[in-house]
Amino acid sequence: MIFERKGQTALWGFLVMLVLIAIASGLVDIYRLYAARNWAYTAAQEAALAGASRGRDWGALMTGDEMGLDGATAKAEAERVLIAEMASRGISGYTMDVRVLPVAGGGSIAGFPPRPVRLGDSLGAWSSNEPAVGVYLEVPVDWLMLDMLNVQIKTVHVFASAGVAQ
Amino acid sequence: MRFALKIGSSKKTSWLKATSFLVVLAVLLTGYRLAFANISPEYLRNGRTYDQESNYIQWNGSVAYVNLFHRDSTSLPPSEGGAFCGSGCTEQVTRIQSGSSISGNFTYLRTFNVQAAYSGDSNVGTVTVRACGQVIFTDDLYLANQSVPGFNNLPNPAWNVPTAGDCTWSISASGGYVDVRAVTTTYRTTPAPTVDLRVNGSNGPLSLSAPASYTLSWTSSNAASCTASGSWSGAQATGSSQGINNVGSGTYTYTLICANPSGSASDSVTVNVLSAPTVIVNAPASATAPASYTATWTSSNATSCTGSSRFTGLSGLTGSRAETGLPVGSYDYTVICTNAAGASATDTKRTVVYAAPSVDLKVDGSDGPTVVRTGPISYSATWTSSNATQCTGSARLAGYSGLAGARSEANVPAGTTYDYSVTCQNPAGATASDTVRMIVVAAPSVDVRVNGSNGPLTFQEPAGYTVSWTSTNAVSCSALNNLSGPVGTSGNRALSNVLQGTYQYAVQCMNLAGTTAIDSVVVNVNPPPPVVDLQVEGVNGPITQVEPGSYTLTWTSQYAASCTAASSDTLWIGNVTVSGNTPISGALIGTHTYTLTCSNVSGTRSDTVTVYVIAPLSGTVSPTFARLVLFGPNLGLPAQTLTGTVAGGEPPYLAVVSVRAPSGAVTTFSRSGSAWSLSPSAAGDINFGTTEQGTWTVWADLTDSAGRAFRTNSNTWTVSWYSVHGRP
């Protein structure tokens, strides 16, 4: 689950008033936000799995290295899947950021994903103990009530990753 | 003259005349005084004219004693047995030839007659007996019928002497001879005389020192006359004194006999005129140490003697002290002797004991006694002495003297013999001599040959040859070096089976002078070429050992003089003993060649052993892929291919490859060669090594041709599926 959190006191005060004013429309926006997030996450997950699966570096394994990822392949395959999904949904204006931890021991990438999302037990710095592909996707969402409130910018941010078991 | 002397001796009547007469003729007639004394008895007594009264009878003219057999009433005197002559006796009688007579004097007689023989011998004459100035008897003694002479007392009875004073008497023959046997007297009666003789008023004995002077004095009573005897003589007054001077030493007994016809009395006094005591010590003036001699002393006229100095403690009129082994020094011997008169005498002798002389004569530095030198030679004969006062040379040193000296001899040829002698004497006369004889002989020579050669010679073991030698001017030869035993001045010795070595056969010959000549021949007996046997671990090799090689080299050799070791690994190099062993350790991998080279004069021989030191059997086995994908070939991925290597040991190798699946199942595969591989096709499984996930393990058991075994380390590979999964 990805929750959007905007902590500004003024906004929360405004929202309280909005909640009071537009409880019904709010419930709709929440649903729509939840659905968008799930879809975006699924797409990111698929992209990550595709990248990890197709990015396994068999050649390196045959040469004796531990199983790792061919970073370029893994990233390309993940992006290809995302682009295909976005295209199938007609979504544009999305932002994706695919990162690969190619070595067998994984690693960590500070500042990734660019927005804080829940990443397992930690937030803000993606890390893995195995080769993995991380996909950050930022997808715009249409709001019902927030549109009426003239809130223009509405996106969901998801992050998914897949690894190769050793 | 003798008759006149007799007349003069009559004391009673002619004393003064006789004295005057004697004074006049004293010097010329001294000898006759003795005769006078013999024929001038003062008183005629009974007795035969032949012996008992002969001293009182003076012969005048032709008178002699004759043996006459007579038969009458006489008897022989007790000294002749006292036989009665009634049956005849033979005895000496006095025969007075015609015209001759015998005579004498007498005094204090009461009666007087003589015994004359009547005889039938027609030569007998008439006897006439006179006394006191008258003829008292005369008769022709011839009796025609008297066959045997017979003596009768004539006159018979005896003629009575008319006076007590002195009278003369005589018996004369005329017209023939007259034999007279005895005179017969009887004396008048008177008291016996007494006499007292003293010296210096003492009855003595008296001891005086010579020259002594003393006075004899005497008195007598009833003495008709006194006669001195003993140490004095002559008729003496019946009472008087007489000084005696300058009497020499001796014991003088003065006896004075005073007599009258009734008897006589005598007195004697003894004067011991003692000579001054003398003592003579006899000891040698000089002697030579260690001196042994006897020092003695003798004394005379001494009653005691006492020794001092070296005689201390000794006494006696004579004595001695035996000295033994006296050292050098002066020794005094003194004796003091004293006689009974208190006079003493002393004598001292000193014996100087000198050290024994010695002389040391050296000829050419030798004491001899015989010095033998080899000539020609120049040398010196020198001598030195000690404790000597003079030395005299003799023989070759004749004319040489002095306590020390020398004579030089130059170029004395062989065959010369010189004697040198020196005698030295010390003050005691002891001599010491030394004599040395120099004999100059010719130098010796010797020639030693082996098989007639002077060598050096070389033979091969076992060798046989003959050593011979000859010499000149030698008296003895001795074998040296390898020639042993007694040898003569020439000879030979056959030797056989002589083993290797260098032999020097030398003979040294010596002449009498001790000069030696030596000759030798060197023979080299060489051994056969050496025989060498080098073994490693008891075999001749080659042997193979696994690194690090450890083995023992053992070698023996015969006839080798020296051996040298060489090796390809430098573990055994240098000179070694001709036989021995040495351990080799730590030999590295490789071929090790050890060579022993032994040499002697006959050649060089070598032996070599080889040791192969190999690496220990080892090997590897490794999978081509450390990681594989489960059933990877189905994905186009490779299956496992195993490869291995074998090293060390001794090929060919056999490898038994064991592959253990993760499930534990072990599959083995045989491979060979030093490099092998086990591919899926070789293993008969295209999925070889990928059929199970997990860790596969592989190892190989290697065996070389020598049976050595080695298990390689195991290697693993991992087979996984490598699934992809989403991460939270």
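**View 1. Surroundings of B:Val657 in the predicted model.** Apart from neighbours within four places in sequence, B:Val657 is in contact with B:Leu642, B:Thr667, B:Thr668, B:Phe669, B:Arg671, B:Trp676, B:Leu678, B:Val698, B:Trp699 and B:Ala700. B:Val657 also belongs to the largest nonpolar core, which has 57 residues. B:Val657 is among the residues with the most contacts inside that core, together with A:Val133, A:Val135, A:Leu137, B:Leu642, B:Val659 and B:Trp676. Helix α2 (residues 23-54) of chain A supplies the largest share of this core, nine residues. A second, separate core has 32 residues, including B:Val63, B:Ile96, B:Val114 and B:Val183. In soluble globular proteins, nonpolar side chains tend to be buried together.

**View 2. The disulfide of B:Cys85 and B:Cys89.** The sulfur atoms of B:Cys85 and B:Cys89 are 2.0 Å apart. The torsion about the S-S bond is -105°, and the link is left-handed. B:Cys85 counts as buried because its relative accessibility is 0%, and B:Cys89 is buried at 5%. Over all chains, the count of disulfides comes to seven.

**View 3. The disulfide of B:Cys132 and B:Cys167.** The S to S distance here is 2.0 Å. The link is right-handed, with 105° about the S-S bond. B:Cys132 sits in the loop between β7 (126-131) and β8 (134-140) of chain B, and B:Cys167 in strand β10 (residues 167-174) of chain B, so the bond ties together parts that are 35 residues apart in sequence. B:Cys167 has 9% relative accessibility and counts as buried.

**View 4. The disulfide of B:Cys391 and B:Cys424.** The two sulfur atoms are 1.8 Å apart. Because the torsion about the S-S bond is about 115°, this disulfide is right-handed. B:Cys391 belongs to strand β30 (residues 390-395) of chain B and B:Cys424 to strand β32 (residues 417-425) of chain B, so the pair ties together parts that are 33 residues apart in sequence. Both B:Cys391 and B:Cys424 are buried.

**View 5. Helix α4 (residues 71-89) of chain A.** The helix has 19 residues and spans 27 Å from its first C-alpha to its last, close to the 27 Å expected at 1.5 Å a residue. Its buried residues include A:Ala74, A:Glu77, A:Ala78, A:Val81, A:Leu82 and A:Met86. These residues lie on the same side of α4(A), because they cover an arc of only 165° around the axis. The exposed residues A:Ala72 and A:Ala87 are on the face turned away from the buried side. Just after α4(A), A:Gly90 has a positive phi of about 70°.

View 6. B:Phe112 and B:Trp169 form a tilted pair, 5.7 Å centre to centre with 45° between the planes. B:Phe112 is in strand β6 (residues 109-118) of chain B and B:Trp169 in strand β10 of chain B, 57 residues apart. B:Phe112 is buried at a relative accessible area of 0%, and B:Trp169 counts as buried at 2% relative accessibility. The rings of B:Tyr465 and B:Tyr505 have their centres 5.7 Å apart and their planes at 70°, so this pair is edge-to-face. With B:Tyr465 in strand β36 (residues 463-472) of chain B and B:Tyr505 in strand β40 (residues 501-510) of chain B, the pair ties together parts that are 40 residues apart in sequence. B:Tyr465 counts as buried at 3% relative accessibility, as does B:Tyr505 at 2%. Ring pairs also join B:Tyr214, B:Trp218, B:Trp232, B:Tyr252 and B:Tyr254 into a cluster.

How values were computed:
Residues numbered from 1 in each chain as written. Chains lettered and ligands numbered in written order. Predicted model: local features only at pLDDT ≥ 70, side-chain atom pairs only at ≥ 80, totals over all residues. Heavy atoms only, no water. Core = buried A, V, L, I, M, F, W, Y, C linked by side-chain atoms within 4.5 Å. Buried < 20%, exposed > 50% of the residue type's maximum accessible area, 1.4 Å probe, protein only. Helix = DSSP H or I, 4+ residues; strand = E, 2+ residues; numbered from the N terminus. Contact = heavy atoms within 4.5 Å. Disulfide = S-S within 2.5 Å. Expected span 1.5 Å × (residues − 1). Arc of directions from axis to C-beta. Phe/Tyr/Trp six-rings, centres within 6.5 Å; stacked < 30°, edge-to-face > 60°.
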